[in-house]
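Work through the exercises below with the sequence and the 3D view at hand. Try each task before reading its solution.

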Amino acid sequence: MMTSVDTELIRVLADPLRLRIVTLLARETLCTTHLVEETGARQTNLSNHLRVLREAGVVETEPCGRFTYYKLRPDVIAQLADQIAELAATARTAADNKRACP
């Protein structure tokens, strides 16, 4: 039986800046200063997007002195990938199913 796809997580990742942040954090753990440099976004805007990602469980924080580092939670991304893969598998097996019109 197919599980439903996490639409809230898709909404969170649909924002181009948040997706860019996630892509950067997939490669390494970064602090806000690094993310500002890499994205060109303003610090306040970036912080708001990081808060959304943190609340959605996509990233976690790691305090280090006066800096806060952000780390991607690969298990969350993997779970979403599994849900989408299951959706694709269902679509492949149902490709020839057609409901008759009344």
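Two exercises follow on this predicted model.

**Exercise 1.** Determine the strand order of the sheet, and find which strands stand at its edges.

Solution. 
- Step 1: The sheet is open and is formed by three strands in the order β1-β3-β2, with antiparallel pairing.
- Step 2: β1 (30–31) and β2 (59–64) each have a single partner strand, so they are the edge strands, and one side of each has no neighbour in the sheet.
- Step 3: Look at the pairing of β1 with β3 (residues 67–72): these antiparallel strands are joined by two bridges. Leu30 has Tyr70 in β3 as its bridge partner.

**Exercise 2.** Compare the span of helix α5 with the expected value, then work out how its buried residues are arranged around the axis.

Solution. 
- Step 1: Helix α5 covers residues 74–93, which is 20 residues. From first to last C-alpha it reaches 28 Å, close to the 28 Å expected at 1.5 Å a residue.
- Step 2: Taking buried as under 20% relative accessible area, the buried residues of α5 are Val76, Leu80 and Gln83.
- Step 3: Viewed down the axis of α5, these buried residues fall within an arc of 55°, so they line one face of the helix.
- Step 4: The buried residues of α5 pack against α1 (7–14).
- Step 5: Pro74, Asp82, Arg92 and Thr93 are exposed on the other side of α5.

Definitions and conventions. Residues numbered from 1 in each chain as written. Predicted model: local features only at pLDDT ≥ 70, side-chain atom pairs only at ≥ 80, totals over all residues. Heavy atoms only, no water. Pairing = 2+ DSSP bridges. Helix = DSSP H or I, 4+ residues; strand = E, 2+ residues; numbered from the N terminus. Expected span 1.5 Å × (residues − 1). Buried < 20%, exposed > 50% of the residue type's maximum accessible area, 1.4 Å probe, protein only. Arc of directions from axis to C-beta. Contact = heavy atoms within 4.5 Å.
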